[in-house]
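Work through the exercises below with the structure open. Each task is followed by a solution in steps.

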Amino acid sequence: MSWEIVIGLETHAQLSTRSKIFSGAATAFGAPPNTQACAVDIALPGVLPVLNVEAVDKAIRFGIAVGATINRRSIFARKNYFYPDLPKGYQISQYEIPVVSGGGVAFRVGNTEKTVRLVRAHLEEDAGKSLHEDFHGMSGIDLNRAGTPLLEIVSEPDMRSAEEAVAYARTLHALVRWIEICDGNMQEGSFRCDANVSVRPEGSDQLGTRREIKNLNSFRFLQHAIDYEANWQIEQLEEGKCIEQATVLFDPDKAQTRLMRTKEEAHDYRYFPDPDLLPLEIDEDWIERIRAQMPELPAARQSRYQSDLALSQHDAASLVAGREVADYFDAVLSAVGADDTKATAKLIVNWISGELAAALNRAELELSESPVTAAALAGLISRIMDNTLSSKLAKEVFDGLWKGEGSADEIIEKRGLTQISDSNAIEKLVEEVLAANPQQATDYRGGKQKAFNALVGQVMKASKGKANPAQVNEILRRKLDSC
Amino acid sequence: MIDSSLKQLSADLAARKISSVELTRAYLDRIESNNAAINAFITIDPDASLRQAQAADKRIARGDAQPLTGIPVAHKDIWCAKGWRTTCGSRMLENFRSPYDAHVIERFNAAGAVILGKTNMDEFAMGSSNENSWFGPVKNPWDTEYVPGGSSGGSAAAVAAALAPAATGTDTGGSIRQPAALCGVSGLKPTYGVVSRYGMIAFASSLDQGGPLARSSEDLALLLDTMAGFDARDSTSLERPPEAYTRRLDEPLAGLRIGLPKEYFGEGISADVRKSVEDAIDEYRKLGATTVDIRLPASDLSVPAYYVIAPAEASSNLARYDGVRYGYRAESYDNLLDMYCKTRAQGFGSEVKRRILVGTYVLSHGYYDAYYLQAQRIRRLIARDFAQAFEQCDVIVSPTSPSTAFRIGERTADPVKMYLSDIFTIAANLAGLPGMSIPCGLDAAGLPVGLQIIGNYFTETRMLNVANVYQKQTDWHLRRSPIASNSS
Amino acid sequence: MSLTLHDVQRVAMLARIEVTDTESEQILEQLHGIFKLIEQMQSVDTAAIEPMAHAQDAVGRLRLDTVTETDQHELFQSVAPAAEQELYLVPRVIE
């Protein structure tokens with residue numbers, strides 16, 4: 001039998017606010033244990049929560065970005081369960097009426113366009129952390145993270161492979177960073193996914209029993225965990241066994257999932273409206289204010305790149321994979337200020353995804369940390385566009401830019417890298433090369449195209465790479481063909 | 001001094017006839033001599049109190065005193081006060097020294113009042129007799145065989161025994177008004193949202209409201225001026241223009257319309273209570289008020305709805321007492337789950353556990369709609385009843401409690417019988433309305449009877465006026481319990 | 001509706017309160033009485049009534065996103081049953 005895998009994701013995006021969702025404690029990562037856990041966060045008797053407006057602003061931004069409904073009135077509820085990293089014995093979350101309902105996320109997998117529908121996105125607080133290092137057989141509890149705002153984004157079970165799930169997660173990850181609601185730092189747990197996985201016979205319209213894989217904090221783990229889990233479920237079913245609804249954990253070392261709790265052991269969370277928090281009301285003005293502050297979204301930016309700048313779908317998509325890249329590209333393009341924006345745009349894309357990406361990769365730097373600013377790269381691009389630099393020279397100039405030797409023009413000046421475009425000078429070089437290599441000239445005339453390329457190389461070498469290659473080609477061919 | 005009103009004490013302090021240190025020491029002496037008989041205080045800290053008194057005296061000398069500067073006030077042990085042991089009447093918090101001040105404590109401190117001590121209470125404010133305290137029952141100063149009411153029983157008894165000139169309490173289903181009635185003092189539960197709940201240990205968050213207990217409504221007004229006020233740290237605290245609760249105390253009552261709910265004068269009220277309340281109503285008629293018969297048809301459902309909503313909220317509010325960050329932790333346990341279960345089994349008393357179990361049950365899967373949602377719908381019916389009633393009257397008057405104080409131990413075996421002690425007070429909490437109780441008589445055994453006054457939202461000033469004019473004509477609030485008559 | 005001993009034990013576990021068998025039986029009896037009182041609610045048809053979760057018909061107030069709290073972990077941990085190296089200690093947490 002052939003099987004279809006069905007996946008839905010619940011993603012927790014930590015909202016990048018300064019203070020916590022219900023208290024005035026700082027949210028900065030990496031502080032010494034419990035130094036950012038205030039009276040409210042450690043749930044002292046008598047303390048009360050007050051909602052952070054910035055967390056709501058960010059939830060609204062998300063709702064607008066995914067084309068969802070922003071609920072005019074949403075309710076905070078208590079999710080009750082005991083755990084040492086949950087100081088109140090309940091998590092403040094949203095249950096019946098979340099702040100955001102519906103919406104969708106579109107992306108491409110291979111050559112296919114895919115849209116995953118969203119069920120909802122709701123605001124909630126994060127829990128603290130249990131540290132399992134041995135303290136005389138005890139666990140240590142750090143509540144610094146307790147109360148950090150989260151947006152839980154719940155998708156419909158619309159994905160059919162681990163690849164689709166990863167593509168969805170990557171798109172969502174880029175989006176939350178693009179609209180600046182989450183720093184997306186997966187190592188620090190700022191963006192993590194739970195995957196609901198089930199399988200069913202191909203063609204069936206019934207959902208199989210799902211198991212939920214908790215806390216996947218890298219795309220690689222997401223991929224491996226779903227692959228393992230789906231295979232496991234298929235094996236079980238093919239052996240005639242049933243899948244029992246359960247929550248499982250992924251062990252990255254073994255690349256396996258293991259049972260955490262079954263449905264029978266599932267919590268009875270006893271959700272009810274939090275009496276300490278009145279309904280959250282969001283009016284039209286509030287939504288419009290946020291809408292006015294929204295950046296152009298990745299999809300819109302991509303289609304603009306394709307239609308206005310004639311970039312390929314692939315190039316445009318690579319630019320909008322991250323807000324930093326797209327903004328960097330725009331900054332370079334506008335600084336060049338060229339007449340032929342289409343040719344310039346393509347050239348910029350090649351430089352960003354070629355030399356710049358390679359250099360950043362070697363140095364293990366993010367684009368935001370690049371020593372070559374958008375203005376600096378624009379200086380280089382301008383000199384390529386006006387034929388001052390050949391691509392070979394441009395690489396040398398780029399090297400100078402990377403090393404901080406100044407602007408492109410300064411480097412050209414300092415290193416004496418101006419391209420030779422003077423026809424007389426090039427003719428002279430060509431004549432010298434032909435005189436020194438009569439055999440190759442003969443070979444070319446005998447029909448060996450290779451010989452021509454060798455001659456071009458000789459001329460370029462003689463010019464120390466500065467001759468304009470197009471002119472070299474043209475003059476050399478003319479000389480060879482004319483005698 | 002012991003018989004002086006707060007206003008008088010304030011005037012005497014300002015005139016330097018007495019010092020705050022003398023006044024505070026006098027009350028500390030009275031506590032020293034008499035507390036053993038009634039067990040009204042859980043904690044006193046004479047050094048801390050006298051330090052505040054000294055500071056108050058300096059402030060008075062500097063000339064920037066406020067009305068409560070230098071006045072000792074006893075606080076229900078539900079209010080977190082920095083450096084003070086704050087137990088909430090529970091073994092769970094027996095050794096909990098609060099690292100912060102409640103908003104109300106901040107306000108009293110800012111006004112220059114002196115914290116006289118922390119008063120006994122039913123554990124986590126759950127009870128109507130003060131028999132549910134880990135620190136032992138409080139006894140009624142009028143007769144120590146009898147309960148003082150609860151849950152603010154320590155505060156009511158302290159004022160009734162003249163161990164404090166004034167006290168604070170909290171009221172979730174009658175916990176200020178019922179003990180005020182049973183101890184013959186005055187008590188006020190303001191409109192929900194008027195007094196900040198920040199630092200007040202939560203029982204049922206949507207019902208809890210702090211308020212004052214004192215001898216007279218004039219004293220209550222003075223105390224409320226300090227207690228009430230907006231607090232940004234409580235999301236349910238209401239932003240309203242400041243109110244001077246003392247400003248209308250003496251306005252004549254001519255034209256006042258008093259609503260008498262049929263449902264609050266039915267069977268089950270003791271004859272003495274009925275007589276005293278009817279006499280009080282007659283007194284009001286003499287003062288120019290008219291009475292209107294009104295209906296509150298959903299009132300018989302207030303106790304059932306309350307015993308769903310309050311335990312549900314409590315079951316969640318009390319989940320934080322897990323032995324991890326503060327408070328009691330069981331001595332021995334096998335693992336984490338066992339630590340939770342033993343800590344909570346040993347740290348909570350039986351009534352608290354009972355309510356947590358009821359609350360957990362009504363919120364659990366499959367029962368939420370039938371219990372919790374149904375209770376919330378009935379809550380709205382009750383609020384609507386009041387809204388309609390207040391179209392016909394200015395205040396509603398009734399007995400505070402169907403009977404006077406009962407004997408210690410009399411109702412402990414039957415929780416439901418105990419719950420019905422609050423039958424007339426609970427509805428105001430469900431609706432969020434202000435309510436007060438003032439003394440209006442003594443029964444045949446010489447135990448006090450309380451008159452309840454329920455007002456519309458934010459009409460505390462008018463209610464205090466209604467109470468004060470009555471108290472100017474009568475002397476029930478000036479009657480003293482035997483213990484109050486003990487010289488020191 | 002009729003509560004059973006099993007209900008009492010299930011709810012006690014949810015609430016993390018240890019109850020002995022004898023206690024469970026006492027509690028069951030008391031809960032029977034309490035639920036008899038509560039059941040009176042079921043006599044009313046409230047289908048058309050909006051549930052009332054708060055004592056006031058107001059909407060939530062929000063705070064600005066500013067850090068107002070400072071590190072007080074030493075003070076807070078001075079009342080902790082067990083704390084070491086700035087951490088609260090509990091019996092080993094097993095997932």
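The model is predicted, so local features need pLDDT of at least 70 and side-chain atom pairs count only at pLDDT 80 or more, while totals for chains, interfaces and linings use all residues. Residues are numbered from 1 along each chain as its sequence is written, chains are lettered from A and ligands numbered from 1 in the order in which they are written, and side-chain values use heavy atoms, with hydrogens and water left out.

**Exercise 1. Overall form of chain A**

Task: Describe the secondary structure and the spread of chain A.

Step 1. Chain A has 15 helices and 18 strands; these are DSSP runs (helices H or I, at least four residues; strands E, at least two), numbered from the N terminus.

Step 2. The radius of gyration is taken over C-alpha atoms, and the globule rule is 2.2 Å times the number of residues to the power 0.38. For the 483 residues of chain A the rule gives 23 Å; the value found is 30 Å, well over that, so the chain is more spread out than a compact globule.

Step 3. Along the principal axes, the C-alpha atoms of chain A fill a box of roughly 95 × 55 × 55 Å.

Step 4. Of the 483 residues in chain A, 55% are buried (buried means under 20% relative accessible area, exposed over 50%, partly exposed in between; 1.4 Å probe, protein chains only).

**Exercise 2. Chain C against chain B**

Task: Characterise the interface of chain C and chain B by its area, residues and polar pairs.

Step 1. About 5,100 Å² is buried between chain C and chain B, with 68% from carbon and sulfur atoms. Buried area is the accessible area (1.4 Å probe) that two parts lose on being put together, summed over both. Met41(C), Met52(C) and Arg61(C) supply 15% of what chain C buries here, more than any other three residues.

Step 2. The contact (heavy atoms within 4.5 Å) takes 47 residues from chain C and 71 residues from chain B.

Step 3. The rule finds one salt bridge across this interface, where a salt bridge is a side-chain nitrogen of Lys or Arg within 4 Å of a carboxyl oxygen of Asp or Glu. Its partners are Glu18(C) and Lys342(B), with the closest N and O atoms 3.3 Å apart.

Step 4. On the side of chain C that touches chain B, helices H1 (5–14), H2 (21–38) and H3 (73–77) and strand E3 (87–91) each give two or more residues. H2(C) gives the most, with eight residues.

**Exercise 3. Chain A against chain B**

Task: Carry out the analysis for chain A and chain B.

Step 1. Chain A and chain B bury about 2,800 Å² between them, and carbon and sulfur atoms hold 59% of it. The contact joins 31 residues of chain A to 39 residues of chain B.

Step 2. One salt bridge is found across the interface: Asp276(A) pairs with Arg197(B), the closest N and O atoms being 3.1 Å apart.

**Exercise 4. Two residues of chain A**

Task: Are Asn71(A) and Lys479(A) buried or exposed, and which side chains do they meet in polar contact?

Step 1. Asn71(A) is in the loop between strands E3 (69–70) and E4 (73–74) of chain A. Its relative accessibility is 15%, so Asn71(A) counts as buried. Its side chain makes a polar contact with that of Ser101(A) at 2.9 Å.

Step 2. Lys479(A) is in helix H15 (residues 469–482) of chain A and is buried at 18% relative accessible area. The side chain of Lys479(A) makes a polar contact with that of Glu431(A) at 2.7 Å.

**Exercise 5. A salt bridge within a helix**

Task: Where do Arg285(B) and Asp282(B) lie in relation to each other?

Step 1. Arg285(B) and Asp282(B) form a salt bridge, with the closest N and O atoms 2.8 Å apart.

Step 2. Both are in helix H8 (residues 271–286) of chain B, three residues apart, and are therefore separated by about one helical turn.

Step 3. Arg285(B) is partly exposed at 39% relative accessibility, and Asp282(B) is partly exposed at 35%.

How values were computed. Polar contact = N/O pair within 3.5 Å; in protein donor to acceptor, adjacent residues only side chain to side chain.
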